[in-house]
Amino acid sequence: VLCWQPNAGTTINSQILKEVSKCVESINGVKEGGWKNTFCFYKPMLKEQANASEFPQHFLGASLQEQPDKFYMALSKKRLIVEAESSMQTIMENLQSYIIKFALNCEGFQYRLGDFRVRVGKVVPMNSENLRGIVMEMEYLPISSWKTSHLIMSGFFEILKETLGKKSLPGHFVHAEPNFSEFGLSDQYTSRHTVVQYASILAQLSTRAQ
């Protein structure tokens, strides 16, 4: 998962998103349809302030399009990622244990380039069009080993960067690679790996917005 880093003194706008999508199409990317992931930042609803230390202060909840029956909870400070049934959101709401502080959607279009799947989308608050960021997901479909596919995707990303470089856009994509082993994740890539990457990216976007 990659995040757009604007140049100093510039802002992110929808034109940049259009140009990135055009670049993917220019290297024979075939549009397969739309995609959307939803991320909610939760905070505890404390009955008594004295109990604050017993609960995580906040965590990221994630709903991914490719896993509609699952709900993921990422506690970055604890280096913990938990997979639950999608009903967990309703359970938390009924128990009044946690409340959504704010929510973001990552949505856009999905492309197929041979053995690669690329998703390009905007990061916007739920029920708003206020652009907060641009993200790109890249996946090498034949191999699920992170270490092996990562080398192949690095070469593919260089091609993409070269294509984007011709557009002279005010910024570039960056990839902050998490240490998956810290979260207890194996080399075999799963949706939990994706959520860990988004947790890092969205934390950066939140800091930048402040």
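Analyst: Below are some terms and the values behind them. The model is predicted, so local features need pLDDT of at least 70, side-chain atom pairs count only at pLDDT 80 or more, and totals for chains, interfaces and linings use all residues. Residues are numbered from 1 along each chain as its sequence is written, and side-chain values use heavy atoms, with hydrogens and water left out.

User: How do you know that strand β4 and strand β5 pair?
Analyst: Strands are DSSP runs (E, at least two residues), numbered from the N terminus. Two of them pair if DSSP finds at least two bridges between them. Strand β4 (residues 70-75) and strand β5 (residues 80-85) are joined by 6 bridges and run antiparallel, so they pair by that definition.

User: Why is the contact of Glu-83 and Lys-70 called a salt bridge?
Analyst: The term requires a side-chain nitrogen of Lys or Arg within 4 Å of a carboxyl oxygen of Asp or Glu. For Glu-83 and Lys-70 the N to O value is 3.5 Å, so the pair qualifies. Glu-83 lies in strand β5 and Lys-70 in strand β4, so the contact ties together parts 13 residues apart in sequence.

User: What makes Arg-119 count as buried?
Analyst: Buried means under 20% relative accessible area, exposed over 50%, and partly exposed in between (1.4 Å probe, protein chains only). Arg-119 has 6% relative accessibility, so it is buried. Glu-137, at 10%, is buried too. Their side chains meet in a salt bridge at 3.1 Å, N to O.

User: Why is Glu-158 called partly exposed?
Analyst: Its relative accessibility is 44%, which falls between the two cut-offs.

How values were computed
Helices (H or I, at least four residues) and strands (E, at least two) are DSSP runs, numbered from the N terminus.
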